[in-house]
Amino acid sequence: MSIKFSVLIPAYKAKFLKKCIDSILNQSHSNFEVIILNDASPENIKNIVGEYSDERIKYFENVTNVGAVNVVDNWNKCLSYSSGDFVICMGDDDELFQDCLEVYGSLIIKYPQIDIFHAKTILINEESNLIDIQEARPEYESVYSLMWHRWVKNRIQFIGDFLYKRDTLINKGGFYKLPLAWASDDITAYISAKENGIVNTSKPIFKYRVNSFSITNTGNIEIKMNAIVNEKKWSLGFLQELVPSDSLDILYKELLVNYCDKFFLKKYLITIAEDLSNSYLHFFKWWVLSGKYNISKKYLVYSLFESVKMRNNRK
């Protein structure tokens, strides 16, 4: 019996949904289901899904809108409807390459003990043009390597990049919830890779669409800041629990512990800079809030300079 995949789509935007669904239905590996959860969208999600007669599509609707702040609730609701051996949770505007599930399937057979896999990803814009591609990753790496490259080397990754063993994901509590899904993809990946590590594809099999309506480009800044506070608290606890046995992983853990404060300070400052790039008047708000986040006035000035660069880059 071939591996069954569940592709989860928490849907709200209609613009690229058909492209998203078509990319799944065109897979060379045919044993899958598509779970589409309409988050009480005002757009024509139901009509688009209604154009398909494929029995592998399973459609559900929320009575009320969960919204961006609690979007991880929709991820987990989709997960509860799934029945596959492995799951992908992707955006309603993202796409799979035709051989995505086939490539994953080959790696699952090669690494049966692994609970999480990562797809090399290309980034596309709203016109579906290529704008970037993820860096090369080793076929196998530990959770220590995964975290270190994300923190120190600024790896780009998204929730749709990852494939999870469904039962393991559920047993570990599902997708980790933070407001606006801020770092929820990262934390869920770390939890899933904790015992057995992660396997990466060497060829691109996933397309992430960058657009102005992505959650990462919207949302209340203070909610994002509080999410970063909670992410740091979780990370410190997670690092404390880790007991590496490999000599390289011992080094990675030491580096992560030493780099932790710097990493999260950088996240605070970038987030503040994004807010200031929309209005320099917000600087006075952050001056007042700086004590809450333990940020010195010197670093606030740094954020102000960064916000000027951001604004100039948008022109």
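Trainee: How many bridges join β1 to strand β2, and do they run parallel or antiparallel?

Mentor: Bearing in mind that this is a predicted model, you will find seven bridges joining β1 to β2 (residues 32–38), and the two strands run parallel. Within this pairing, I9 has I36 of β2 as its bridge partner.

Trainee: Which strand is joined to β1 by four bridges?

Mentor: That is β4 (residues 86–89), which runs parallel to β1, and here V7 stands opposite I88.

Trainee: Which way do the side chains of β1 point, and are they buried or exposed?

Mentor: In a regular strand the side chains alternate between the two faces of the sheet. In β1, F5, V7, I9 and A11 point one way while S6, L8 and P10 point the other way, and all of them are buried. Because seven of the seven residues of β1 (residues 5–11) are buried, the strand is largely enclosed by the rest of the structure.

Trainee: At what angle do the axes of helix α5 and helix α7 cross?

Mentor: An angle over 145 degrees counts as roughly antiparallel. The axes of α5 (residues 143–151) and α7 (residues 184–193) come within 9 Å and cross at roughly 160 degrees, and the two helices are therefore roughly antiparallel to each other. Their crossing is left-handed, and the contact is made by V143, L146, M147, R150 and W151 of α5 together with D186, A189, Y190 and A193 of α7.

Definitions and conventions:
Residues numbered from 1 in each chain as written. Predicted model: local features only at pLDDT ≥ 70, side-chain atom pairs only at ≥ 80, totals over all residues. Heavy atoms only, no water. Buried < 20%, exposed > 50% of the residue type's maximum accessible area, 1.4 Å probe, protein only. Pairing = 2+ DSSP bridges. Axes fitted to C-alpha atoms, helices over the stretch in contact; angles between N-to-C directions. Parallel < 35°, antiparallel > 145°, perpendicular 65-115°, else oblique. Left-handed = near helix turned anticlockwise from the far one by under 90°. Contact = heavy atoms within 4.5 Å.
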